[in-house]
Amino acid sequence: MRLLYLLILLFCLPAHADEDALLLARKYMQAYTAMDYGELEQFYHFDAVFQDPSADVQGNGQNISGRTAILEFLKKSEQGVAQIRFVESSHMVVGSWVILIGEYHYLVSGPEFGLGPQPVWIVVKGITELQVDTGAGQIKVHRDMLDYESVPKQLQ
């Protein structure tokens with residue numbers, strides 16, 4: 001009986017941990033896409049890292065360390081963005097890492113991007129990798145791998 005209990009415990013714990021990690025990641029993504037910097041401040045670990053190596057294609061690769069620096073970067077980079085949505089198509093949880101695959105939909109200011117007077121939706125496919133600390137309820141690493149090469153065509 002004791003062995004049966006241990007086996008049940010062994011098989012149930014990882015699933016529960018995966019659910020907690022995915023739930024934390026999705027709550028974070030809600031704050032991230034809402035551009036809610038007050039809530040994001042609570043999510044980021046004090047020495048969190050934000051990476052966007054795929055932006056190197058554009059010469060803008062990012063590797064930002066620290067909660068304050070990340071929030072400053074986001075506030076600056078999201079100027080001209082009225083709304084962000086992330087449409088998740090699939091996900092995977094591996095230990096403390098949550099991998100989200102989907103599309104970011106950005107509603108950007110037409111005039112600010114030289115696109116006329118109306119706002120314009122830009123869709124960018126990508127993968128967001130989040131290293132989560134479920135105990136603290138915080139994000140340690142946010143890494144984006146986005147298809148920026150599709151953006152210029154959408155801005156024409």
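Modeller: Start with burial: a residue counts as buried if its relative accessible area is under 20%, and as exposed if that area is over 50%. Tyr32, at a relative accessible area of 5%, is therefore buried. Tyr104 is buried as well, with a value of 0%. Keep in mind that this is a predicted model.

Biologist: What share of the 156 residues in the chain is buried?

Modeller: Buried residues make up 35% of them. The chain exposes about 9200 Å², and carbon and sulfur atoms supply 57% of that area.

Biologist: Which elements does the chain contain, and in what order do they run?

Modeller: There are four helices and six strands. From the N terminus on, the order is α-α-β-β-α-β-β-β-β-α. Among contacts with a separation of 6 or more, 53% join residues 24 or more positions apart.

Biologist: How should I read a pair of aromatic rings?

Modeller: Such a pair is described by the distance of the centres and the angle of the planes. Centres must lie within 6.5 Å, and planes over 60 degrees apart count as edge-to-face. By this rule the count comes to eight aromatic pairs. In one of these, Tyr28 and Phe43 have ring centres 5.8 Å apart and planes at 75°, so the pair is edge-to-face. Tyr28 belongs to helix α1 (residues 2-33) and Phe43 to helix α2 (residues 37-43), so the pair ties together parts 15 residues apart in sequence. Both Tyr28 and Phe43 are buried.

Biologist: What is the geometry of the pair formed by Tyr32 and Tyr104?

Modeller: The ring centres of Tyr32 and Tyr104 are 6.4 Å apart with planes at 75°, so this pair is edge-to-face. Tyr32 lies in helix α1 and Tyr104 in strand β4 (residues 97-108), so parts 72 residues apart in sequence are tied together. Ring pairs also link residues into a cluster, whose members include Tyr28, Tyr32, Phe43, Phe73 and Tyr104.

Biologist: Why do residues three or four places apart on an α-helix point the same way?

Modeller: An α-helix has 3.6 residues a turn, so residues at that spacing point the same way. Now take helix α3 (residues 67-77), where Ile70, Leu71 and Leu74 are buried. These three cover an arc of only 95° around the axis, which puts them on the same side of α3. Thr68, Glu72 and Lys76 are exposed on the other side.

Biologist: How many salt bridges are there?

Modeller: A side-chain nitrogen of Lys or Arg has to be within 4 Å of a carboxyl oxygen of Asp or Glu. The count by this rule comes to two. Arg26 and Glu88 meet in one of them, at 2.8 Å from N to O. That pair links distant parts of the chain, with Arg26 in helix α1 and Glu88 in strand β3, 62 residues apart. Arg26 counts as partly exposed at 36% relative accessibility, and Glu88 does too at 28%. Arg143 forms a salt bridge with Glu129, with the closest N and O atoms 2.6 Å apart. Arg143 is in strand β6 (residues 138-146) and Glu129 in strand β5 (residues 120-133), so this pair ties together parts 14 residues apart in sequence.

Note on methods. Residues are numbered from 1 along each chain as its sequence is written. This is a predicted model: local features need pLDDT of at least 70, side-chain atom pairs count only at pLDDT 80 or more; totals for chains, interfaces and linings use all residues. Side-chain values use heavy atoms; hydrogens and water are left out. Rings of Phe, Tyr and Trp (its six-membered ring) pair if their centres lie within 6.5 Å; planes under 30 degrees apart count as stacked, over 60 as edge-to-face and the rest as tilted. Helices (H or I, at least four residues) and strands (E, at least two) are DSSP runs, numbered from the N terminus. Buried means under 20% relative accessible area, exposed over 50%, partly exposed in between (1.4 Å probe, protein chains only). Contact means heavy atoms within 4.5 Å. Accessible areas come from the Shrake-Rupley method with a 1.4 Å probe; for residues, only the protein chains shown count as cover. The arc is that of the directions from the helix axis to the C-beta atoms.
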